[in-house]
Amino acid sequence: AEPAVARAYLDQLERGRELSELLGAKLTAALDRSEVQLQDGARDEDLAAGLETLAATLNENRGDGVAGKREAALSQTLRGIAARLR
């Protein structure tokens, strides 16, 4: 449940053009904020809720094959980061 792991999945999905630009931008912004909060040892319920929403969006729009597995893994990682922020 690390932002670096989530970024790796995000990068793979973006390179494969599996995500919309808007969703990719939202995920990047949320991961940027998460990284800062976790480094500072801070809690952020709003950010955690936002990560949960993004994770749910990934699950709703999940594709098939390798991309679907990456989306599922990213979703799980986002949920783990959210738990750490609570």
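Visitor: Where is the place of Ser-20?

Guide: Ser-20 sits in the loop between helix 1 and helix 2. Keep in mind that this is a predicted model.

Visitor: Does Ser-20 count as buried, exposed or partly exposed?

Guide: Read the relative accessibility. For Ser-20 the value is 44%, so the residue counts as partly exposed. Now try a distance. Ser-20 and Leu-10 lie 10 residues apart in sequence, and their C-alpha atoms are 11 Å apart in space.

Visitor: Which residue shows a positive phi although it is not glycine?

Guide: Start with the general idea. Most residues other than glycine have a negative phi. Here, Arg-17 has a phi near 55 degrees, which is positive. Arg-17 lies in the loop between helix 1 and helix 2. Its relative accessibility is 73%, so Arg-17 counts as exposed.

Visitor: Now the helices. How do I describe a packed pair?

Guide: Two packed helices are described by the angle between their axes and the distance between the axes. Take helix 1, residues 3-15, and helix 2, residues 21-40. Their axes come within 10 Å and cross at roughly 165 degrees. Helix 1 and helix 2 are therefore roughly antiparallel to each other. Their crossing is left-handed.

Visitor: Which residues in helix 1 meet helix 2?

Guide: On the helix 1 side they are Pro-3, Ala-6, Arg-7, Leu-10 and Glu-14. Residues across from them in helix 2 include Gly-24, Leu-27, Leu-31 and Leu-38. By class, this contact of helix 1 with helix 2 has 6 nonpolar, 3 polar and 4 charged residues.

Visitor: At what angle do the axes of helix 2 and helix 3 cross?

Guide: Roughly 145 degrees, and these axes come within 10 Å. The crossing of helix 2 and helix 3 is left-handed. Helix 2 contributes Leu-23, Lys-26, Leu-27, Ala-30, Arg-33, Ser-34 and Gln-37 to the contact. Helix 3 contributes Leu-47, Leu-51, Leu-54, Thr-57 and Leu-58. The residues of this contact divide into 7 nonpolar, 3 polar and 2 charged.

Visitor: And how do helix 2 and helix 4 cross?

Guide: Their axes come within 11 Å and cross at roughly 35 degrees. This crossing is left-handed. Leu-27, Leu-31, Ser-34, Gln-37 and Leu-38 in helix 2 meet Leu-74, Leu-78, Ile-81, Arg-84 and Leu-85 in helix 4. By class, that contact has 7 nonpolar, 2 polar and 1 charged residues.

Visitor: How many residues are in the largest nonpolar core?

Guide: General idea first. In soluble globular proteins, nonpolar side chains tend to be buried together. In this model, the largest nonpolar core has 21 residues. The members that touch the most others are Leu-19, Leu-27, Leu-51, Leu-74, Leu-78, Ile-81 and Leu-85. Helix 1, helix 2, helix 3 (45-60) and helix 4 (65-85) each supply at least two residues of this core.

Visitor: What is Leu-85 in contact with?

Guide: Set aside its neighbours within four places in sequence. Leu-85 is then in contact with Ser-34, Gln-37, Leu-38, Ala-42, Arg-43, Asp-44, Glu-45, Leu-47, Ala-48 and Leu-51.

Visitor: Is Glu-71 buried or exposed?

Guide: The cut-off for buried is under 20% relative accessible area. Glu-71 has 4% relative accessibility, so it counts as buried. Glu-71 is placed in helix 4. Beyond four places in sequence, the contacts of Glu-71 are Leu-13, Glu-18, Leu-19, Leu-58, Asn-61, Arg-62 and Gly-63.

Visitor: Where does Gln-12 lie?

Guide: Gln-12 lies in helix 1. At 27% relative accessibility, Gln-12 counts as partly exposed.

Visitor: One last residue. Where is Thr-57 found?

Guide: Thr-57 is in helix 3. Its relative accessibility is 23%, so Thr-57 counts as partly exposed. Thr-57 and Leu-13 are 44 residues apart along the chain, and their C-alpha atoms are separated by 14 Å.

Conventions. Residues are numbered from 1 along each chain as its sequence is written. This is a predicted model: local features need pLDDT of at least 70, side-chain atom pairs count only at pLDDT 80 or more; totals for chains, interfaces and linings use all residues. Side-chain values use heavy atoms; hydrogens and water are left out. Axes are lines fitted to C-alpha atoms, for helices over the stretch in contact, and angles run from 0 to 180 degrees between N-to-C directions. Helices (H or I, at least four residues) and strands (E, at least two) are DSSP runs, numbered from the N terminus. Angles under 35 degrees count as roughly parallel, over 145 as roughly antiparallel, 65 to 115 as roughly perpendicular and the rest as oblique. A crossing is left-handed if the near helix is turned anticlockwise from the far one by less than a right angle, and right-handed if clockwise. Contact means heavy atoms within 4.5 Å. Ala, Val, Leu, Ile, Met, Phe, Trp, Tyr, Cys and Pro count as nonpolar, Asp, Glu, Lys and Arg as charged, and the others, Gly among them, as polar. A nonpolar core is a set of buried Ala, Val, Leu, Ile, Met, Phe, Trp, Tyr and Cys residues joined through side-chain atoms within 4.5 Å. Buried means under 20% relative accessible area, exposed over 50%, partly exposed in between (1.4 Å probe, protein chains only).
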